[in-house]
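Welcome! Take a look at the sequence and the 3D structure below, and keep both at hand while you work through the exercises.

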Amino acid sequence: MTDPAQDYRLAMSRLISGVCVISARAGSLDLAMTATSVVSVSLEPPTVLFCVHSDARLAEAVQPGGTWAVSILSAAAGAVADWLASPGRPAVGQLDRVGHHRGEHSDAALLDEATAWLECRTEWTKEAGSHEVVVGQVLSTALAPAGSGGIVHHLGRMRAAP
């Protein structure tokens, strides 16, 4: 007998997706998570969405009107992606060992090991199963001076992409 949830997980593991870090500031606390569910929604106006587990600390910080950032990771950021995907990592100081600078529009952490950055403001959220779909208008974009490949998620693993 097959397990439908496991069958679904295995099927979706074959979908190659880019790896990003979503970050937000909640008071003096930096919150961040690795995400493979970041999607460009619209060019007019520039809009992006991502999904976050409903009980994650980050879900509270990105409610409508909240600001956040997307760091599209470079190929060199594998260790950072793994760290920020680790369940149970401490809420306080999770970016202490991750190079970053502050976004002008969001005050969120923009990771230094990224190839591009977006700063966003949440337009709306919608519950979808165990997750929240977060849709945000892009406030600003920036590109790293030297473009490099990124990281992709495929077959349950993160790996460098060309």
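Predicted model: local features only at pLDDT ≥ 70, side-chain atom pairs only at ≥ 80, totals over all residues.

Residues are numbered from 1 along each chain as its sequence is written, and side-chain values use heavy atoms, with hydrogens and water left out.

**Exercise 1. Describe the protein as a whole.**

Step 1: Begin with the secondary structure. The protein has three helices and twelve strands; helices (H or I, at least four residues) and strands (E, at least two) are DSSP runs, numbered from the N terminus.

Step 2: Turn to the dimensions. Along the principal axes, the C-alpha atoms fill a box of roughly 55 × 35 × 35 Å. The radius of gyration is 15 Å, which agrees with the value near 15 Å for a compact globule of 162 residues. This radius is taken over C-alpha atoms, and the globule rule is 2.2 Å times the number of residues to the power 0.38.

Step 3: Look at burial. Of the 162 residues, 42% are buried (buried means under 20% relative accessible area, exposed over 50%, partly exposed in between, with a 1.4 Å probe and protein chains only).

**Exercise 2. Find out how many disulfides there are, and explain the result.**

Step 1: Recall the idea. A disulfide is a covalent bond between the sulfur atoms of two cysteines.

Step 2: Apply the cut-off, which asks for a pair of cysteine sulfur atoms within 2.5 Å. The count comes to zero disulfides.

Step 3: Check a cysteine. Cys20 is in no disulfide, and its nearest cysteine sulfur, that of Cys120, is 10 Å away. Seen from Cys120, the closest cysteine sulfur is the one in Cys20, and 10 Å is too far for a bond.

Step 4: Cys20 is buried because its relative accessible area is 7%, and Cys120 counts as buried at 0%.

**Exercise 3. Locate the aromatic pair and classify it.**

Step 1: Know what to look for. A pair of aromatic rings is described by the distance of the centres and the angle of the planes. Rings of Phe, Tyr and Trp (its six-membered ring) pair if their centres lie within 6.5 Å; planes under 30 degrees apart count as stacked, over 60 as edge-to-face and the rest as tilted.

Step 2: Search the whole structure, and one aromatic pair turns up. The ring centres of Phe50 and Trp68 are 4.8 Å apart and the planes meet at 65°, so the pair is edge-to-face.

Step 3: Phe50 is in strand S5 (residues 46-53) and Trp68 in strand S6 (residues 67-73), 18 residues apart, so the pair links distant parts of the chain. Phe50 is buried at 0% relative accessibility, and Trp68 is buried at 0% too.

**Exercise 4. Which residue lies over the face of Trp83?**

Step 1: Use the rule that NZ of Lys or CZ of Arg must be within 6 Å of the ring centre and within 35 degrees of the ring normal.

Step 2: Arg97 lies over the ring face, at 3.6 Å from the ring centre.

**Exercise 5. Is Ser140 buried or exposed, and what does Ser140 touch?**

Step 1: Find Ser140 in strand S10 (residues 131-143).

Step 2: Its relative accessible area is 18%, so Ser140 is buried.

Step 3: List the contacts (heavy atoms within 4.5 Å). Leaving aside neighbours within four places in sequence, Ser140 is in contact with His105, Trp117, Leu118 and Glu119.
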